[in-house]
Amino acid sequence: MPCTVVVGAQWGDEGKGKIVDALSADADVVARYQGGPNAGHSVIREGATVVLHLVPSGVLHPGKRCLIGNGVVVDILTLREEVERLELMGLGVAKRLGVSPAAHVIMPYHRAAEAAAERGPGAIGTTGRGIGFAYRDKAARTGLRVSDLYERESFVAAVDRNLERLRREFPEASDLERMSGAWVFDTLRPAAEWARPLVCDVSSELDRALREGRQVLLEGAQGTLLDLDHGTYPFVTSSPASAAGAPLGVGLGPRAVDRVVGVTKAYATRVGDGPFPSEMPDGEAARLREAGEEYGATTGRPRRCGWLDLPALRYAARVNGLDALVVTKLDVLDEFGEIRVLVEYEADGHPVPGFPAGAAALARCRPVWRAFPGWLAPTAGARRWGDLPGRARAYLEWIERECGVRIATVSVGAEREAEVRRG
């Protein structure tokens, strides 16, 4: 079955939006399988940057069907705003977009509760958009799904129960006091009615597409190291960001997937709190941040910057079963005279095998470095493997050998055409 999954192989922000945009040219259907509007995929279209939060990145290709699966948590107000913005660009999104009725809805009270939680000692550096609390309600079986938006009586009763519980848990969250089930329903109703024509059986539609031999592309948000099970817990997202979550998040069986593409930067970044063993000193990080424009597409927050972490990349390759790697932002390293890679962890003077489980163990690790000479030459104009400077090719080929995954594409700029594809 012709089904490809694109997954982040780091802490997110790897440039998946551009890669999905490129792969969408050959796809018939593009579906998002997890996350919420905390994701921000930036894609260059006709010289302008388009930031997508919920709509799949394939939307920039005319005629492509775009679906939001059951594994996504949807802020219905944000979705309407995003689609209307894209419609003004002449993309004709609404007639090509579908939303699963089983996708959970982010409520106003989720944002209020998350804001209160992030002010406490357990803050993990979320975007504050209520995603974590929406997933929490989903796991607790107290969440509300897209289909519930059209059942007023049961919706209002469920919201009132949720608000009563949250007020006890977060008495300092004054915004919760003014909310009620009826108020939430009435607030969301216009957007819910707008979305009604979009609601469709995503699972059946994708299954039918695959049976008819059409190309399906499944797009995730965040990255493997933020996966709820396999990331640096508890400093993770609230959903399965690794490839195994893809079929689950759109209602397909695992055998539907026949190819997994991992996306990694030529270096590393991280947003939010949590251990980051390859993090650079402030001055070096600032230089890389400016060169790579490393600021959050959703929040504008400066990203923490570091060198490539090889044990983490090997781990991502194993957890996702990667068939191919895409390396992005190689051009950002063009002016660095020396490039370092974290090749091994040490703790208490002893080597640490593999990738430690959990944030506490990873925080105790210290990096063991390998240095590579920089190529100090522009790569932005490269379009063939042989166009890359020799030292850049040597760096990439070493990564490939060490990870055991073939590099299929190298991105050397933000524009669609700025990439090197290997035959």
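Predicted model: local features only at pLDDT ≥ 70, side-chain atom pairs only at ≥ 80, totals over all residues.
I'm counting a salt bridge wherever a side-chain nitrogen of Lys or Arg sits within 4 Å of a carboxyl oxygen of Asp or Glu.

**Tally.** With that rule I get 21 salt bridges.

**R416 and D21.** I looked up this pair and found the side chains in a salt bridge, N to O 2.7 Å. R416 is in the loop between β18 (407-411) and β19 (419-421), while D21 belongs to helix α1 (residues 16-23), so the contact ties together parts 395 residues apart in sequence. I then checked accessibility: D21 is buried at 1% relative accessible area, whereas R416 is partly exposed at 35%.

**E205 and R65.** Here I have another salt bridge, with N to O at 2.6 Å. E205 comes from helix α7 (residues 202-211) and R65 from strand β5 (residues 65-68), so this pair ties together parts that are 140 residues apart in sequence. I noted E205 as buried, at 15%, because the cut-off for buried is under 20% relative accessible area. R65, at 22%, counts as partly exposed.

**R211 and D207.** I stayed with helix α7, where both of these residues lie, four residues apart, or about one turn of the helix. R211 is exposed, with a relative accessible area of 63%; D207 is partly exposed at 29%.

**Network.** Which residues are linked in a network of salt bridges? I wrote down D13, K265, E294, R303 and K329.

Conventions: Residues numbered from 1 in each chain as written. Heavy atoms only, no water. Helix = DSSP H or I, 4+ residues; strand = E, 2+ residues; numbered from the N terminus. Buried < 20%, exposed > 50% of the residue type's maximum accessible area, 1.4 Å probe, protein only.
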